[in-house]
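Subject: Structure for your files

Hello,

Here is the structure I said I would pass on. My notes on what turned up in it follow below.

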Amino acid sequence: MQTPKSRALFQRAMNVMPYGVNSNYRYFSDEDTLVFSDAKGGYVYDPDGNAFLDYRLGWGPVIVGHADEYINDYVKAALDRGQVYAATHEYEVRVAERIIDLCPGVEMVRLTNTGSEATLHSLRLARGYTGRDIILKFEGSYHGAHDYVLWSTANAKLEEVGERAHPRASKGSIGIPDIMKELLIPCPWNAPDILEDILSRHGDKIAAIIMEPMLGNGNAIMPLPGFLESVRAQCDKYGIVLIFDEVKVGFRIAPGGAREYFGVIPDISCYAKAMGNGYPIAAVAGHEKIMMHFGPGKVFQGGTYAGNVVSTAAADATLALIQKGDVHRQLEKTGNMLMNGFREILSRQGIIHHVHGASALFGISFSESAPRDWRELLTDCSFDVYESVITYMMEQGILREPFALEPFYLCAAHSEVDASRTLQAFEDGLKKVLSGAYTRQGILPVDADF
Ligand SMILES: Cc1ncc(COP(=O)(O)O)c(C=O)c1O
């Protein structure tokens with residue numbers, strides 16, 4: 001995928017950064033790793049000036065559009081007021097007030113910088129609140145880079161995770177101490193019976209169930225009807241803190257995130273990505289009764305850059321736009337057009353498929369019956385044709401994540417014209433791959449190769 005200038009820059013990058021990247025997930029190969037220099041609206045540009053309609057959107061943060069003028073002007077005005085005060089300031093308060101206004105059931109907020117920090121702090125909060133140590137997470141979910149949660153993610157190998165009814169935790173990286181396994185119980189997604197069984201044995205030792213309310217890191221598989229409600233009920237039964245990790249879905253699938261979209265209220269939500277339209281900011285948010293366990297002499301939470309001026313100004317502006325409603329009206333229009341368009345094209349070609357998710361975050365699976373969990377994505381679905389079509393589309397300047405389990409992301413800068421062009425390229429690519437006229441395979445990050 002590299003053109004002359006991006007190739008030259010990537011050669012320099014490989015000399016000074018392991019594999020030329022700052023996240024393992026970004027490395028595809030020495031020739032195909034993406035290199036960009038600019039982004040505006042719904043597009044990214046490589047150093048040679050090639051434009052790509054962008055459905056990766058930095059893996060989710062960009063919700064309004066890249067380099068949005070309103071947000072950037074607002075941030076520019078904040079820049080001259082300093083960057084960090086190590087003290088409370090108005091932008092922080094405004095952001096917290098907006099989150100409380102948007103997200104049903106949120107009463108208090110603590111800000112931090114990244115999704116990983118938000119999940120780390122939320123787990124310590126749940127442990128401090130309950131006095132228990134163990135955490136339950138669902139297979140196929142990603143909750144960040146720290147050792148408590150980097151287990152049984154979408155990159156895990158099936159042979160390492162045990163039987164569905166008796167799941168085993170699979171370590172996501174060497175370097176994580178084996179002993180951390182004692183603190184984590186994995187569970188298949190969308191399996192209330194298995195969850196009930198696990199909780200009947202361990203429920204009174206579990207501090208928190210942390211879950212993506214839809215599998216944002218597993219092709220946007222939705223919860224089956226009643227699943228989130230049953231998790232909520234089980235948490236209430238055993239006194240477990242329910243944490244929705246809304247890092248991907250918060251302020252994206254609805255202005256009020258999963259709480260609004262699914263109508264199920266967890267104890268704590270973790271937000272990040274879309275709340276800052278690309279600026280680094282995150283939040284732990286929830287009931288006052290639990291949140292007030294953060295504090296001096298109680299649960300520790302902190303960070304030099306937590307609530308910094310630039311990020312909070314960006315979030316203040318982003319959330320203000322989201323509160324107006326236009327952002328999500330546009331996301332729904334283009335998202336529905338794309339989801340329905342993909343369904344029609346695949347049906348015309350006689351391909352059994354399932355388009356699932358919400359309009360601003362959706363995936364496509366290819367299997368007889370719709371996959372219910374990460375295991376079924378691996379055992380029942382075939383993504384080879386799809387990943388070739390994705391490569392074809394990249395060559396046409398339409399970029400979604402090459403790895404099929406990462407969903408499509410939309411931003412409000414995507415237009416109906418963009419959506420039509422995308423559907424046309426998809427249909428062309430599909431016909432060419434099916435007829436054998438296009439044979440290039442999918443380009444996958446090395447860590448996602450299964
Ligand atoms: C659901 C979820 N939680 C947490 C994280 C970690 O966020 P960050 O990369 O900002 O640390 C991610 C990142 O993709 C995520 O998708």
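Predicted model: local features only at pLDDT ≥ 70, side-chain atom pairs only at ≥ 80, totals over all residues.

**Strand β9 and the sheet**

On one side, β9 pairs with β5 in the parallel sense, over 4 bridges. In that pairing I134 stands opposite I206 of β9. There are also 4 bridges between β9 and β10, and these two strands run parallel as well. Here A208 has V241 in β10 as its bridge partner.

Further along, β10 (residues 241-245) is joined to β11 (residues 268-271) by 3 bridges, again with the strands parallel. F244 is paired with S269 of β11.

Taken as a whole, the sheet is open and has 7 strands, in the order β4-β12-β11-β10-β9-β5-β8, with mixed pairing. Its edges are β4 (108-112) and β8 (184-187), each of which pairs on one side only. On average, neighbouring strands are turned by 20° against each other, ignoring direction.

**Helices on the sheet**

Helix α4 (residues 115-130) lies across β4, β5 (134-138), β9 (206-211), β10, β11 and β12 (282-286), and runs at about 30° to β12. Helix α6 (residues 227-238) also packs on the sheet, where it touches β9 and β10; the angle between its direction and that of β9 is about 170°.

**The ligand**

The ligand is surrounded by 16 residues, and the closest are T114, G115, S116, G144 and V247. By class, the shell has 5 nonpolar, 8 polar and 3 charged residues.

**The α2/α9 pair**

The axes of α2 (residues 69-79) and α9 (residues 309-324) come within 9 Å and cross at roughly 145°. The crossing is right-handed. From α2, the residues involved are Y70, I71, Y74, V75, A78 and L79; they meet V309, V310, A313, A314, A317, T318 and L321 of α9. This contact between α2 and α9 is made up of 12 nonpolar residues and 1 polar residue, with no charged ones.

Regards

Key:
Residues numbered from 1 in each chain as written. Axes fitted to C-alpha atoms, helices over the stretch in contact; angles between N-to-C directions. Left-handed = near helix turned anticlockwise from the far one by under 90°. Contact = placed C-beta atoms within 7 Å. Nonpolar A, V, L, I, M, F, W, Y, C, P; charged D, E, K, R; others polar. Pairing = 2+ DSSP bridges. Near = placed C-beta within 6 Å.
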